[in-house]
Amino acid sequence: MRALLAGAGAFPEPDESEEAQASGILQLRPLPSVETAVRTLASTLHRAGVSTGGDPLLEVDQATLLEHWRRLRQSTDGEPLILHFAGHGIRGANGGLYLCTAGADARDEFLDDTCVAFDRLLSMAENGGRPVLFLLDVCGAGQAVVQQQLQDLAACRPQDGVRNAWIIGACTNDTDTYGARFTTATATVVNRLTDGALDLTPTLEYVPVDTLAAAINRELARADIAEGRHHQTIVRTPQLEAAPEPQPFLRNPAHTGDPRTALLEGMDPRLREFAHACSPGLDPLHFATRAAGNSQADVIHFSGRAGALGFIQNWINNPADQSDPEDEQPPDLGRRLLVITGGAGSGKSALLGITACLTHPELAPLRRRVRNAVRGFRPAPAGPVLAVHARQLSLQQIIDSLHHQLHQQVSRADSRPRWERSSRVRTAELLRELKRAGEMLVILDALDEAIDPAQVVSELLMPLANESSPRPGPRVLLGTRRWWETQPFFRDGYGYQLPPLYRYTRKHPEAVLDLDPKTHDDRRVLADDLHTYLDLTLDTHYPPERVRDIAEQIARYTDSGVFLVAALYADHLLTSTGGDTAPPPGSITEVFELHRATLARTDFWIDPVLTVLGHARGQGMPLDLLHAAALAHQPPDPGQPTPQLTDTKRALAKAAFYLRTAPDAEQRLLYRYFHQALTDHTAPLTDPAVLYSALLAIVPSAVDGGRDWEHAPPYLLHHIAEHAATAGNGAVDHLLEDPSFLVHADPDILVPHLPDATTERAVLHARIYRAAVARLPKGHATATRRFLLELLTK
């Protein structure tokens with residue numbers, strides 16, 4: 001990777017005479033900040049592994065800049081290039097953008113003779129056959145993007161055609177930029193990238209241009225707000241492809257080709273890439289790792305549970321065998337709902353993961369690997385198979401995922417564009433489509449971890465389970481913890497927990513498969529299954545008699561979650577030094593505490609980080625927010641240095657076995673516990689109000705003194721309402737009273753908290769917001785909410 005950095009700012013002081021002012025000729029003012037900013041960026045790029053050819057070109061004229069650019073393009077064979085320019089930018093009479101080099105004359109008739117026309121640089125790049133990234137810190141930089149789009153139209157460029165030129169500009173085409181702020185912000189972001197503070201997913205070898213532009217935009221917004229300036233909006237080349245390959249400009253320092261270290265949690269990179277191609281909500285990583293019995297999913301360690309697998313296979317393959325003769329439902333259809341339940345870590349998700357990997361068409365790449373481990377399990381569902389991991393999903397998100405998967409499998413002959421079929425649907429519409437599609441299998445795991453489990457049960461699952469039509473229809477394989485264990489997750493407004501599902505299972509006990517051991521024989525069989533699993537996991541590190549003893553102790557003394565306890569304890573034994581003689585723990589949390597204590601002896605920052613991690617919502621919390629939350633939870637003692645971001649990242653790496661990571665829209669990693677039991681265990685150890693205040697403090701302050709939610713981290717726009725609800729003390733009211741928050745917040749997460757409004761203003765805003773989101777066809781569009789919520793400020 002090579003780069004050419006240039007700038008021009010040493011223009012003479014403008015003539016302030018009346019004659020000069022009356023002439024109307026644009027005078028280029030001096031830009032003293034250009035030199036320092038460009039030199040800093042050059043040094044920063046060099047540190048990031050980009051060859052800059054020495055010092056940047058400062059006060060360069062038109063001919064010199066073009067000559068150096070020609071030499072650079074001709075001296076390398078297909079190598080990606082970066083061209084950065086900071087200085088004045090002018091739009092000519094032809095609408096084109098000109099970069100004002102030294103000696104520039106701003107009059108239209110002299111622009112082509114004294115300045116560099118950007119369309120010339122753009123044509124060279126598009127015709128050159130190599131990737132080129134333009135970083136433009138000039139006024140009206142957005143005009144470069146306009147010119148690029150016009151070139152695409154003139155060339156009839158295919159939307160999925162190969163693009164050679166990419167642009168990130170300091171501002172839109174009709175605004176100005178000052179003080180080389182874009183160049184300074186870019187240097188800051190590149191430094192953070194080099195230090196690992198951007199924390200990008202290791203599956204990416206290069207930083208996507210979209211991700212780089214978003215990071216620069218956020219850094220520039222932070223700096224502008226801190227100095228009380230109006231924020232300028234970064235622009236970039238638009239990306240039309242849904243899943244483009246990252247452009248090979250800046251390398252991601254976290255990337256590695258080693259599958260053992262490519263991902264923090266040890267995930268096989270091929271599985272991660274496969275996951276990106278699957279339907280939203282399907283979460284193949286969840287099903288694959290649960291089926292494998294380990295966090296890598298590279299080797300299938302699943303063992304045992306032969307009776308449970310046989311029960312599930314019979315329910316899927318022979319629905320009539322599961323019918324109840326006293327039931328009003330026609331006997332030839334069988335039971336439409338099978339509930340797999342048990343304590344945390346009892347193997348519910350493993351059974352559903354095995355089933356999903358063997359039946360779901362999008363998980364077909366995993367099928368052979370899984371089938372070799374469970375040769376006697378051959379589920380053969382009739383019709384489509386839909387699967388959703390419901391953890392931290394709203395009912396709407398579950399519906400959207402099922403609808404998307406249904407159309408992928410049933411409507412392949414439909415010639416309509418896919419985007420027309422992916423719009424939001426209501427529950428009643430999905431139920432009609434599911435029933436119309438005929439017999440199918442719906443796998444729904446982690447119901448108790450959904451945002452509103454009671455709503456999912458009453459509005460989606462029960463209508464499917466209680467369908468009385470004589471025609472074959474959807475059948476649901478459901479994974480959930482016993483409801484008396486999940487009571488804290490339900491809102492008080494629903495009264496006692498999961499009433500419809502409770503009534504259904506009381507009436508149809510044959511529809512429940514409980515994995516927790518009840519008898520001595522259950523524990524004996526469980527000990528055999530655990531022995532097989534541990535023998536595969538521990539391999540030759542421990543003698544067979546020791547492995548058998550561990551299996552029998554876990555089966556005898558662990559009330560629930562036996563397989564997860566076994567997996568955690570095995571990992572503890574394999575990673576502990578000096579030999580560990582502690583007996584096997586009796587629960588998931590006990591083995592977690594055992595391992596955490598071992599880690600904390602050599603790293604004091606482990607405890608604060610793992611404690612606040614229990615409050616991560618959705619797919620997880622990003623590194624910088626986890627760091628801020630940990631500092632708020634445990635500030636440094638007097639005389640002790642403040643832990644840095646690198647300390648938090650190191651703590652997460654040490655506890656990687658207990659974590660799940662997923663990239664957000666900007667390809668930054670999100671962290672959470674891989675099992676709800678660990679979340680339940682650690683969440684009460686943190687004051688929710690302290691955590692909420694720490695997260696809220698990260699939102700930039702607007703010029704008017706309020707909060708600039710437009711530039712808040714994506715995690716907060718999605719989940720700050722949930723943190724406010726747990727914090728109490730009017731925190732939800734505070735958010736609902738802020739129109740800016742209502743415009744930018746995630747409606748799916750916010751709507752369930754609207755009933756929490758108590759103040760007069762918050763209640764009014766909640767009513768208007770509900771009307772905007774729920775009753776209008778495009779209520780989830782930001783522009784719609786912005787229009788309606790203008791009423792709130794009048």
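**Close-up 1. Surroundings of Thr52 in the predicted model.** Leaving aside neighbours within four places in sequence, Thr52 is in contact with Ala3, Leu5, Ala42, Leu45 and His46. The structure shown here and in the following views is a predicted model. Thr52 itself lies in the loop that runs between α2 (33-47) and β2 (57-58). With a relative accessible area of 13%, Thr52 is buried, because this value falls under the 20% limit used for that class. The side chain of Thr52 also reaches the backbone oxygen of Gly54, at 3.1 Å.

**Close-up 2. Packing of α2 against α7.** Helix α2 packs with helix α7 (residues 181-195) at an angle of about 20°, and the axes of the two helices are 9 Å apart. The two helices, α2 and α7, are therefore roughly parallel to each other, since angles under 35 degrees are counted in that class. In passing α7, α2 makes a left-handed crossing. On the side of α2 the contact is made by Ala37, Val38, Thr40, Leu41, Thr44, Leu45 and Arg47, and on the side of α7 by Thr183, Thr184, Thr186, Ala187, Val190, Asn191, Thr194 and Asp195. Sorted by class, the residues in the contact of α2 with α7 comprise six nonpolar, seven polar and two charged. Leu45, listed here for α2, is also one of the residues in contact with Thr52.

**Close-up 3. Crossing of α11 and α12.** Helix α11 (residues 306-317) and helix α12 (residues 348-359) have axes that come within 11 Å and cross at roughly 45°. The crossing of α11 and α12 is right-handed. From α11 the contact draws on Ala308, Leu309, Ile312 and Ile316, while α12 provides Leu351, Ile354 and Thr355. The residues in this contact of α11 with α12 divide into six nonpolar and one polar, with no charged residue.

**Close-up 4. Position of Ala656 in the loop between α25 and β16.** Ala656 is found in the loop that lies between α25 (645-654) and β16 (659-663). The relative accessible area of Ala656 is 11%, and this residue is buried, because the value is under the 20% limit. Ala656 and Phe674 are 18 residues apart in sequence, and their C-alpha atoms are 9.6 Å apart in space.

Key. Residues numbered from 1 in each chain as written. Predicted model: local features only at pLDDT ≥ 70, side-chain atom pairs only at ≥ 80, totals over all residues. Heavy atoms only, no water. Axes fitted to C-alpha atoms, helices over the stretch in contact; angles between N-to-C directions. Helix = DSSP H or I, 4+ residues; strand = E, 2+ residues; numbered from the N terminus. Left-handed = near helix turned anticlockwise from the far one by under 90°. Contact = heavy atoms within 4.5 Å. Nonpolar A, V, L, I, M, F, W, Y, C, P; charged D, E, K, R; others polar. Buried < 20%, exposed > 50% of the residue type's maximum accessible area, 1.4 Å probe, protein only. Polar contact = N/O pair within 3.5 Å; in protein donor to acceptor, adjacent residues only side chain to side chain. Parallel < 35°, antiparallel > 145°, perpendicular 65-115°, else oblique.
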